[in-house]
Amino acid sequence: MNELILILAQTGTRETPLAAAISEGLSLGAIYALLAMGFVIIFKATQVLNFAHGALAGLGAFLVASFATLINFPGRYLPESVPQWLSWTLSALCALIAAALVGMILERVFIRPMIGEELFAVAIVTLGIDIALRNVTNDFIGTDPRPLGDPWGLNILDLGWITFAHTEVAQILVSIVLVSAVALFFRTKTGIAMRATAFDQEAARAQGINVGRIFSISWAIGAVMAAVAGIFVSVYPRRAAGVDPSTAFFAFKALPAIILGGLDSVGGAVIGGFAIGIAEAFVGEFVRFDFLGSGFAGIVPYLLMLIVLIVRPYGLFGTEEIRRV
Amino acid sequence: MRGRPLLHTSYEADQSILNTTTKKVVMALFLGFLVLLPFTGGAESSGERLFDFSIPFVGFLSSNDYLQLLATVCIFAIGALGLNLLTGVAGQVSLGHSFFMGVGAYTAVWLGAPEGPLLGLGLPIWIWLPAAGLVPAAIGLLVGPTAVRVRGLYLAIVTLGLVFIGEYVFRNWRSLTGGSQAGRSFQELDVRLWKEETPLIEISQDGAWASTNGKGFLMLLVLLIVFTVIAKNLQRSRAGRAFQAIRDRDVAAEVMGVDEFRYKLLAFGISSFYAGVAGALLTAFLGRTIPERWDLILAVQFIAIILIGGAGTVSGTLMGSAFVIMLPRVVQNGTEWLRAAIEEGGFIATIADPIVVTDPTDGGIINTLPGVGPGLSVLQANQVLYGLLIIGFLIFEPLGLYGIWLRIRNYWKGWPFTY
């Protein structure tokens, strides 16, 4: 903890407010973009707005914490010579696989019976999943945060006028890689099948697409996306102590991002995520009025969302719903 | 049942809420039971009890904490009736109900709380209670145009945003709300003409015939009945039919001449009115509120109420409120009972053992130990149950408790035949 305060003090003196806002905004934006991508993938394939995304993020981070520090799997079976970062990466991969499995199980048990029901009803089912899953995860977490044991630690990358924590660099890189991967994925055969399923489940089925399998895949990808975002929410500089019950709530702030971009636009989700992250960081850094009280930056995403929706009810890049009788 | 109870010879008889003799009798008995419940002859603690009375078998419900629970059910039912009109009848999913409740609560606090260091005007209940409905309704109409423009899932997210914005405002408006975590007290159900000292009807003191919770329960029960009748009648009126037309297919409704914008706005306004009144009553009855009270969890609780009860039905909403608010108590009493059973041993203990955690080394689902240990705490178990119940009802019984009741009723109506 002392080390952390020391670093904060150092960066605080060296970095200009502008640079601080930029680095903070980019890393926040990367997290929001990751979270928003998860929402959008599930929505694009299944037309389900997944309110359980936050719970999945919390669960994913907790799984990483358990694999990496609690049970140290597979690190305990590896020779001593394996570097720490490699064994942590292996643990994280195992955790992500577990998260994907959880996502698939949830879809199979709770969402599959709702195929063909109203969109609202399914969205509310995911709200139910969120409550149940979040509370079970929180119970496993307990009262103290669980450290993730990540290899980036508290290291800082100093570029002269601007500084990034290593975690922030990792966040931005990972989100760029994952976003490009998803964008490419939607051009593969499975990805096209996914888009067809989103467009019309019955017609997709008639074309020989296994709709159930598409649902499974999209929930697995969504859960992995949520878990990756959960990891970055639970490390320095957001929650240096590790995953705690508030990790799950972080995902609600990505909802404005997907609204901003439009519920069904991958590119929109990314732009929305970064826009909201940067807006929040800049407001947090520069807007300091006494009458605004504390925590104003936290509601900037929602205010932005309201303004955008007044102007464009389907978001900036969303497809306008064609209403038929 | 003699005669043909469903043979109606006039339109009024056909449309009446209690359209059979059985319904009238059962309703009269049920209301009579509820009204008699608080008349116990004052609180147990006070020495001057006028009489000693309790209803057989369910007399335990007259105890102070059960009356408080029942009064809370009444308050939540009022709020849920509002959400039911918006979400169940008009089909507009709102996750922002707790925001409007908070606005109502703080309107009431501002107007009703005694003058002091924090904002307060000390006005009587007949001013602050209607105001607590009107102010949120006005805000609902203000937000409405945005909400009417966006539809479906976008609306759910917009209303969710309202909750977060509202919580921020409540936390930072210290002179009104008392600030984060601290909150402020406001216990004021007494009916006064103006600011004079002795109230016309005193609720906040134990009386000779009923305790303070008993009197509060009676008052809230009367309010609930009034609001229920209004909601039921609204649903059967032109506006209610317009709401349902919009819910079932908005474009079709518009084609048939239903002014979509106007009726959606109306639904928002009325629902916010109900929410505001419920928020004000909740604060005034429980006596204290913190800004964090009006959060997403409360909004989800209301969604759970109308889904578990049966979306779109008034009686279902009432059943849902009773179910959701009493569930924590049932879980708590249930775990305590199971725990006692384990200590006794026997057949029940073998079933109860995997459910209840009795010592830190024991496995189980629900933990009854003080502090943190293995297993879910009773509070967490409740939350998990809410979640699973929402899912379960949506998958297996979309009409909720009301649907279950319908099936039971229809089974016995035709008994011993199956149709």
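1. Let's start with Q47(A). In this predicted model, Q47(A) counts as partly exposed because 18 C-beta neighbours lie inside 10 Å, and a residue needs 20 or more to be called buried. Q47(A) sits in the loop between α2 (17-46) and α3 (53-70) of chain A. Its backbone is worth a glance too: phi is near 60 degrees, a positive value in a residue other than glycine.

2. You will find Q181(B) in the loop between α7 (174-177) and β1 (184-185) of chain B. Is Q181(B) buried or exposed? It is exposed, because it has 9 other C-beta atoms within 10 Å, and 12 or fewer is the cut-off for that class.

3. Another backbone detail is in chain B. The peptide bond that runs from W415(B) to P416(B) is cis, and its omega is near 5 degrees. P416(B) belongs to the segment after α16 (400-414) of chain B.

4. Back in chain A, have a look at how α2(A) meets helix α11 (residues 266-286). Their axes come within 6 Å and cross at roughly 145 degrees, and the crossing is right-handed. Sorted by class, the contact of α2(A) with α11(A) has 18 nonpolar residues, five polar ones and three charged ones.

5. Helix α11(A) itself checks out on length. Most of α11(A) is covered, with 15 of the 21 residues buried.

6. Now to where the chains meet. On the chain B side, 37 residues are in contact with 39 residues of chain A. The elements of chain B that give two or more residues to this side are α5 (125-149), α6, α10 (250-255), α12 (296-309) and α15 (378-396). Which of them gives the most? That is α6(B), with 12 residues. By class, the side of chain B that touches chain A divides into 27 nonpolar, seven polar and three charged residues.

7. Helix α6 of chain B covers residues 153-172, and at 1.5 Å a residue its 20 residues should span 28 Å; the end C-alpha atoms lie 29 Å apart, which agrees. The helix is mostly covered, since 16 of its 20 residues are buried.

8. Within helix α6 of chain B, pick out G161(B). It counts as buried because 25 C-beta neighbours lie inside 10 Å. Which residues does G161(B) touch, once its neighbours within four places in sequence are left aside? They are P256(A), Y302(A), M305(A) and L306(A). For a sense of distance within chain B, G161(B) and L385(B) are 224 residues apart in sequence, and their C-alpha atoms are 26 Å apart in space.

9. Finally, a word on confidence. The model scores ipTM 0.85 and pTM 0.89. Chain B has an average pLDDT of 85, and 91% of the residues score at least 70.

Notes
Residues are numbered from 1 along each chain as its sequence is written. Chains are lettered from A and ligands numbered from 1 in the order in which they are written. This is a predicted model: local features need pLDDT of at least 70, side-chain atom pairs count only at pLDDT 80 or more; totals for chains, interfaces and linings use all residues. Helices (H or I, at least four residues) and strands (E, at least two) are DSSP runs, numbered from the N terminus. The expected span of a helix is 1.5 Å times one less than its number of residues. pLDDT is the predictor's confidence in each residue, from 0 to 100. Two residues are in contact if their C-beta atoms, placed from the backbone, lie within 7 Å. Ala, Val, Leu, Ile, Met, Phe, Trp, Tyr, Cys and Pro count as nonpolar, Asp, Glu, Lys and Arg as charged, and the others, Gly among them, as polar. Axes are lines fitted to C-alpha atoms, for helices over the stretch in contact, and angles run from 0 to 180 degrees between N-to-C directions. A crossing is left-handed if the near helix is turned anticlockwise from the far one by less than a right angle, and right-handed if clockwise.
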